[in-house]
Amino acid sequence: MANTSVYGITGYGGYIPRLRMQRAAIAAAHKWMAPSLKSLAKGHRAFCSWDEDSVTMAVEASRDALDNRDRAGIGKLYLSSTTMPFADLQHSAIVAGALNLSSACQTLDLGSTQRAGTSALMAALQNGGSDALLIASEQPKGKPGSIQEIGYGAGAAAFTLGSQNVIASLLGAASRTSFFVDHFRASDSDYNYVWEERWIRDEGYMKLVPDAVKAALKDAKVSAADISHFIMPSPMKGLADAVAKKLGVAAESVSDNLEENCGNTGSAHGLLMLAKVLEQATPGQIILVVGFGQGCDALVFQVTEAISKFKPRRGVSGALADAQVHDAYLRMLSYEGNIDLEWGMRAEKTVKTALTEQYRSSNQLASFMAGKCRCCQTLQFPQMPYCVNPECNASSENFDQVSLVDVPNSVLTYTADWLSYHPAPPLYVGFVQFENGARLLMETVEVGAAGLDVGTPLKVVFRIKDIDTTRGYPRYFWKTTPIEA
């Protein structure tokens, strides 16, 4: 298929949770039973707040890739992950709603392997067709005290695909399928069971990856020496360097694996590294991306001149820099559901979602749409049957739909509530003033050491509003967070 694809990557973006845990704090908590973790205690790992998951990260990565670009032409949305919250509910439909994509957009979820992201990207590029959005999002969870806990991270990457303004075209690709079980996670388990490291390295990566890569390079009609960026995520330190050496790829071409202040993001990691590499890539460079899991995917890209005309909203580099570093290990355990804390009687309230009302108000809730009255220009959210301006009272037929997602806003009033139950106390809530005139009572999350004040600049983020723990249903909505971490 060499040089036959005019359908390629047209944009990219990424998201890494703002919260970072000091690995030294994790190692210190377990030193009584696992002192060897100290050798892995360098740097930070990203972890999700209680109201983040693979769905919310997918939305934020997509906003980074799409920024304010036209979304009307996106005809397909692919979402890959092995850590989605539902067993039987389409997550890509939730993401499409939050991004305000057309109801004509085809949505598809993919998972069940660590190469879900690369396999989805390969299939989407080879099938071509209409403009598409492809997302890989993952929140791997390690058992407390394990090597996985200290090494894992969380994050998402998103790519727009199409035939116009292609910034990276697929020169060639190859896959190898092998029932090589380096790890597995049962459907009712939270954690991976991982096999012996040396066997995974010698029999898995060192044999399966070179075979797939050589086939992909032959398909692309390039040599290993031509590769400018070699992307191979692996939980094992130094393994990408060893595979590159075996293939004849220059050592300086091996890409940063984001280990120091992110951690391994599972099936999303290869595409997260690709989004990071594209930030620095120059026209003509060759990028090789490897995905490993029950075989191997290898994709060979060439960067085009159009790369200079595209920039994500902030990119993976911006997400890495937007960090709040914590040392309270119990906080991470609580957010990940690995510890059952006593929250008191106020945490016993039952939350049940009326699915009928959720459907009726889906445009307002998912896409955060306010109504703007054409008669008096009043903005209102939630939207009522009539304009709330007592001197107008025009019917809702006179409303224009205005998204509040990317409108600049700031703190008008705020309260830090330590009495109400909140999984990340205190609960910050108050009125938010939007620059277009809207004024809403909203929750503000991830308030850092600088705190809040009247006028503090905020941004809107897609999060879990609350969780119906009885029925296992998270409700998603929009919150605000300080622009500065």
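Buried residues have under 20% relative accessible area, exposed ones over 50%, and partly exposed ones lie in between (1.4 Å probe, protein chains only). This is a predicted model, in which local features need pLDDT of at least 70 and side-chain atom pairs count only at pLDDT 80 or more, while totals for chains, interfaces and linings use all residues. Residues are numbered from 1 along each chain as its sequence is written, and side-chain values use heavy atoms, with hydrogens and water left out.

**View 1. Helix H2 and its two ends.** Helices (H or I, at least four residues) and strands (E, at least two) are DSSP runs, numbered from the N terminus. In H2, 13 of the 13 residues are buried, so the helix is largely enclosed by the rest of the structure. At its start, a side-chain oxygen of Asp53 comes to within 2.9 Å of the backbone nitrogen of Val55. Just after H2, Asp67 adopts a positive phi of about 45°.

**View 2. The open sheet E16-E15-E17.** Three strands form this antiparallel sheet, in the order E16-E15-E17. Strands E16 (379-380) and E17 (399-403) stand at the edges with a single partner strand each, so one side of each has no neighbour in the sheet. Two strands pair if DSSP finds at least two bridges between them; E15 (residues 369-373) and E16 are joined by 2 bridges. Gly371 stands opposite Gln380 in E16.

**View 3. The hairpin of E22 and E23.** Strand E22 (residues 457-468) runs antiparallel to E23, with 10 bridges joining them. Ile464 lies opposite Tyr476 in E23. Between the strands are 4 residues, and Gly472 in this hairpin takes a positive phi near 70°. Strand E23 (residues 473-482) is mostly covered, with 9 of its 10 residues buried.

Technical notes: Polar contact = N/O pair within 3.5 Å; in protein donor to acceptor, adjacent residues only side chain to side chain.
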